[in-house]
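Have the structure open beside this text. The paragraphs below go through it piece by piece.

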Amino acid sequence: MLKMHNVRKSYRTDTIETHALRDFSLEVNEGEFVSVTGPSGSGKTTFLNIAGLLETPTGGQYLLDGQDVSDLNDRDRSRLRNEKIGFIFQGFNLIPDLDLFDNIDVPLRYRGFNAKERKKRIEKVLEQVGLSARARHLPAQLSGGQQQRVAIARALAGEPRFLLADEPTGNLDSLMARQVMELLEFINEWGTTIVMVTHDPDLARRAHRNIQIVDGQVADLRLQSALGEAVTA
Amino acid sequence: MLELRPILSALWRNKIAALLIAVQLALTLAIVGNSSIIVGDRLDKIARPTGIAVEDIIAVTYYPAEAGTDIVSMARADLDMLRAMPGVIDAVHSNHIPLSGSGSASDFYREPNQQIDDEVANVYHTGPEFLQTLGLKLVEGRNFTPADMETWNPNDRYHPKVTIVTKQFADIMFPEGNALGKFIYGGGDNPIEIIGIVERHLGAWTSWAKAGSVAFYPSFPKFTFGRYLIRTEPGKRDQVFKAIEERLAQLEPNRVIDMQTLSERLNKSYARENLMVKVLSAVIGMLTFIIALGIVGLTFFWINQRRKQIGVRRALGATRTNISRYFLVENCLIAGSGIAIGMAAAQIGNHFMVANYSQPALPLSVMLVCALMLLCVSLVAALVPALRAANISPATATRSV
């Protein structure tokens, strides 16, 4: 599903060059649930940005679903992001001026679906996350856990094959964090590949595999469970 | 895909700022619309054909130093000299300078001893050379001949026998279009035959409601001053101007001479109109600039406020074009509502101006042109921030600050 080979990412200012990722190589297979951990500043977010086509690598090769995406232009990257990748952000990143229905509608509009198809998908994912009754509520009217469920619904509406989660439980209390984690595991069981960046070692352990990033490189690769094995909550 | 519903939804939740810009646009349109029509009216007025070869004419007024000077003999000598000068096409005496804002007018009637229903015309006392000197076009009848010429003392009552009139005045007096050969009256029973009709002569007062109604008499009033109009060959006016001054002074040193070009006099006559055009154009320009600044400022403000949101949209698959289009459509909706309110306000304002200040009515076509212009200004103003917004990185979505 995801294959990075010797990926490098550096940021240059007038006086200094920072290497966020250096010769970073990683392979994530279809259907895997991989957690990514590491200390602050280790390059987790940079990895996530490159994996999600939010940033381009300075060097190396990145294959997404078998396609080399290292040198795609902005339009093609946007299209691929929209079609293949779902994002779940730490701060939920819902659009405050739009109600839940319209928030979930955002990526579907960019996808070019007609109104009927969009409505069908939105209603389906709202039901999946248990928020059908709140479709016309604004994000501010929901709890943090509910907002994150909306964000997950938004990520799922386009039926992506690859879900990137950036600290999805970072802003939630333990009960809500557990609910969100269960939802992610459920989504993964249905075949969606998930890469989740987290600081929480308990959550990291619940993934099939945990990757540790230190100083922009994969430090330790531990197979927590065999690929395809059922994950217990 | 214009995202109208989400944009409207977002605007509704930020309605104060949007409303302020819309109201500003509405006011701007109302003012610009009404100012444009006034500017257009004044420009039309300035651009009216005068019927006169304005650019080639020099006007001379002189005052003899000694009382009792034979002004007629002096004029004959002066005009002979002037006509013989190189670069001069013709010269003629005239009691007033056309288009100068100074002149005289008389009441005219269709019947002898008529008391009511008079028509007013600007009147000139001049000679047969006036046609060529002023560049007037005789469309019917004949010019004055030396036999028509009369001299008269301003203390006596002058009874003209013949006149040449402008077509405008001829048509007012005789709407059937058969003025030539007809008689008109100056309030008594003295008939004045219309022997010729000239196409156009705007007369003395450019702002007069009856500008263009002019009658010419073949006469030389013995005033205490004299006045000549001199037509020069095209492009030689300024050169001849200096020579005339010297030659007139040589011919009769004991007089005060005042010389002006007709274009100078015309510019003075249109000074108010020109000032109005300049002031209102500046107002239009300034208001348009201010509204453009307002839109640029608001769009930049909104973009900065929504940087994270733009990053999220990009992360969710929006292309740069999607982002720019979002802000341009948003701007169009604000501008559109402002323009709709502005068009109504402009019409209300115009009704008031027409009723109270005799201003021209505001046609829909002018209103639409102004609206389109403002829409373009608002779009151009929003374009730079919108393009800037498109450059916000999708990675902004994952940044915590």
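What follows is a walk through two chains, from annotated regions to sheets, helices and the contact between chains.

This is a predicted model. Begin with the records for chain B. UniProt, in an unreviewed entry, lists residues 55–245 of chain B as "domain: MacB-like periplasmic core". In the model this stretch is 18% helix and 34% strand. Its end C-alpha atoms are 18 Å apart.

The UniProt annotation "transmembrane region", also from an unreviewed entry, covers residues 279–303, 323–349 and 361–384 of chain B. How much helix does the model give to residues 279–303 of chain B? The span is 100% helix and 0% strand, with end C-alpha atoms 36 Å apart. Residues 361–384 of chain B are 88% helix and 0% strand. There the end C-alpha atoms lie 37 Å apart.

Now take the helix α10(B), residues 320–357. It has 38 residues. From first C-alpha to last, α10(B) reaches 51 Å, close to the 56 Å expected at 1.5 Å a residue. B:S358 follows α10(B), and its phi is positive, near 50 degrees.

Turn next to a sheet in chain B. Four strands form an open, antiparallel sheet in the order β2-β11-β1-β12 (chain B). Its edges are β2 (88–93) and β12 (255–261) of chain B, each of which pairs on one side only. From one strand to the next, the twist averages 20 degrees. Strands of a sheet pair through backbone hydrogen bonds, either parallel or antiparallel. Strand β1 (residues 57–64) of chain B runs antiparallel to β12(B), and the two share seven bridges. Within this pairing, B:Y63 stands opposite B:V256 of β12(B).

Which helices pack on these strands? Helix α7 (residues 262–269) of chain B packs on the sheet and touches β1 and β12 of chain B. The direction of α7(B) makes about 70 degrees with that of β12(B). Helix α3(B) lies across β1, β2 and β11 (226–232) of chain B. It runs at about 170 degrees to β2(B).

Helix α3(B) also has a helical partner. Two packed helices are described by the angle between their axes and the distance between the axes. For α3 (residues 71–84) and α6 (residues 237–251) of chain B, the axes come within 11 Å and cross at roughly 145 degrees. The crossing is right-handed. Which residues make the contact of α3(B) with α6(B)? From α3(B) come B:A77, B:D78, B:M81 and B:L82. From α6(B) come B:I244, B:R247, B:L248 and B:L251. By class, this contact has six nonpolar, no polar and two charged residues. An α-helix has 3.6 residues a turn, so residues three or four places apart point the same way.

Chain A has an open sheet of its own. Four strands form it in the order β2-β1-β4-β5 (chain A), with antiparallel pairing. The edge strands are β2 (17–28) and β5 (67–68) of chain A. Strand β4 (residues 59–64) of chain A pairs with β5(A) in the antiparallel sense over two bridges. A:L64 has A:Q67 of β5(A) as its bridge partner.

Last comes the contact between the chains. It takes 22 residues from chain B and 26 residues from chain A. On the chain B side, the elements that give two or more residues are α1 (4–13), α9 (307–315) and α10 (320–357). The largest share, five residues, comes from α9(B). By class, this side has 10 nonpolar, seven polar and five charged residues.

How values were computed: Residues numbered from 1 in each chain as written. Chains lettered and ligands numbered in written order. Predicted model: local features only at pLDDT ≥ 70, side-chain atom pairs only at ≥ 80, totals over all residues. Contact = placed C-beta atoms within 7 Å. Nonpolar A, V, L, I, M, F, W, Y, C, P; charged D, E, K, R; others polar. Expected span 1.5 Å × (residues − 1). Pairing = 2+ DSSP bridges. Axes fitted to C-alpha atoms, helices over the stretch in contact; angles between N-to-C directions. Left-handed = near helix turned anticlockwise from the far one by under 90°. UniProt positions renumbered as here; feature names shortened; annotations may be inferred.
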